[in-house]
Amino acid sequence: MRIGFGLNSGEVNTYIPRLLNKALSFYPLNESKATRFDAVGGFNTEPFPDGTGIGSESALGSTVASFTNSNTEYLRVGTDTVFSLGSNSAFTITAFVRLDSKSNDRTIVCRAGSSDEYILSYRSNSDRFQFWSFNDSWNAQANSLGSPSTGTWYFIHAWYDGTDVHIQVDEAGSFDAATTGVNSDTNIATSSRSGDVFAIGAQFTTANGLKPFDTNQSAAMDGDIARVYIAPELLENDEI
């Protein structure tokens, strides 16, 4: 364990300071309360739509955030441009995820507004975890993993290296054998836009509230999310 923050206690003291120094934000999501706190940047999330908060349950040796799709629950940070990571700028997103159902798309992390900047999600039409930016044709799908199982924890490592998007998915606890799916596109870039919203658990648009990937389905999460980590740079191999 490196970025897993605590699954292997022998490495915690070595890796937490180093990784948190790199981070833009880190959401442990281990609180049983409405507001979930950013352990690094202070960009705390607020629960939507009703303000009562996301559920919680015990997992991964701690507490994790539990989302119910039928309630369209999600966590949102306001329109601060800090999460708009800039044109052709490398960045990393990681998270632990467990799906309860796969009948529709399931958003893990999203930065969007009038259009989409970047989204880490499960896509129901391809039955894959996917990371994409700006346009659905510019994406990386975890094809080596294949179809993810419901009820199983996965560690997802997604990154943009300034040219291509990448995704690496592995069952929690087996990091040495991570699987990778990569799609290249030399035109991909993120923009630095004001007015867009960063959300955990749903895709969001400032104009129309929740914005699903496809018109006829909700992309809100149904399952658990823990330890969302965002860094404005790439991680070293021994940090993943």
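Reader: Which residue does K102 meet in a salt bridge?

Author: Happy to start there! This is a predicted model, in which local features need pLDDT of at least 70 and side-chain atom pairs count only at pLDDT 80 or more, while totals for chains, interfaces and linings use all residues. Residues are numbered from 1 along each chain as its sequence is written, and side-chain values use heavy atoms, with hydrogens and water left out. A salt bridge here needs a side-chain nitrogen of Lys or Arg within 4 Å of a carboxyl oxygen of Asp or Glu, and at 3.0 Å, N to O, the partner of K102 is D127.

Reader: How many residues apart in sequence are the parts that K102 and D127 tie together?

Author: Strands are DSSP runs of E, at least two residues long, and helices are runs of H or I of at least four, numbered from the N terminus. K102 sits in the loop between β6 and β7 (106-112), and D127 in the loop between β8 (116-123) and β9 (128-133), so the parts they tie together are separated in sequence by 25 residues.

Reader: Is K102 buried or partly exposed?

Author: The classes rest on relative accessible area: buried is under 20%, exposed is over 50%, and partly exposed is in between (1.4 Å probe, protein chains only). K102 has a relative accessible area of 22%, so K102 is partly exposed.

Reader: Which residues are linked with R98 in a network of salt bridges?

Author: A search of the whole structure gives 5 salt bridges. In one of them, the closest N and O atoms of R98 and E57 are 2.4 Å apart; in another, D224 meets R98 at 2.6 Å, N to O. Together with R98, the network holds E57 and D224.

Reader: Where in the chain do D224 and R98 lie, and how many residues apart are the parts they tie together?

Author: Both residues are buried, and R98 has 16% relative accessibility. D224 belongs to strand β17 (residues 223-231) and R98 to strand β6, so their pair ties together parts whose separation in sequence is 126 residues.

Reader: Why is β7 described as largely enclosed by the rest of the structure?

Author: Good one to check by eye. Two strands pair if DSSP finds at least two bridges between them, and β7 pairs with strand β14 (residues 197-200) in the antiparallel sense over 4 bridges. In that pairing R111 stands opposite F198 in β14. β7 is largely enclosed because its buried residues number 7 of the 7.

Reader: Which residues have the most contacts inside the largest nonpolar core?

Author: A nonpolar core is a set of buried Ala, Val, Leu, Ile, Met, Phe, Trp, Tyr and Cys residues joined through side-chain atoms within 4.5 Å. The largest one has 37 residues, and those with the most contacts inside it are F129 and F131.

Reader: How many strands does the protein chain have, and what share of its residues count as buried?

Author: The protein chain has 1 helix and 17 strands. Of its 240 residues, the share that count as buried is 53%.
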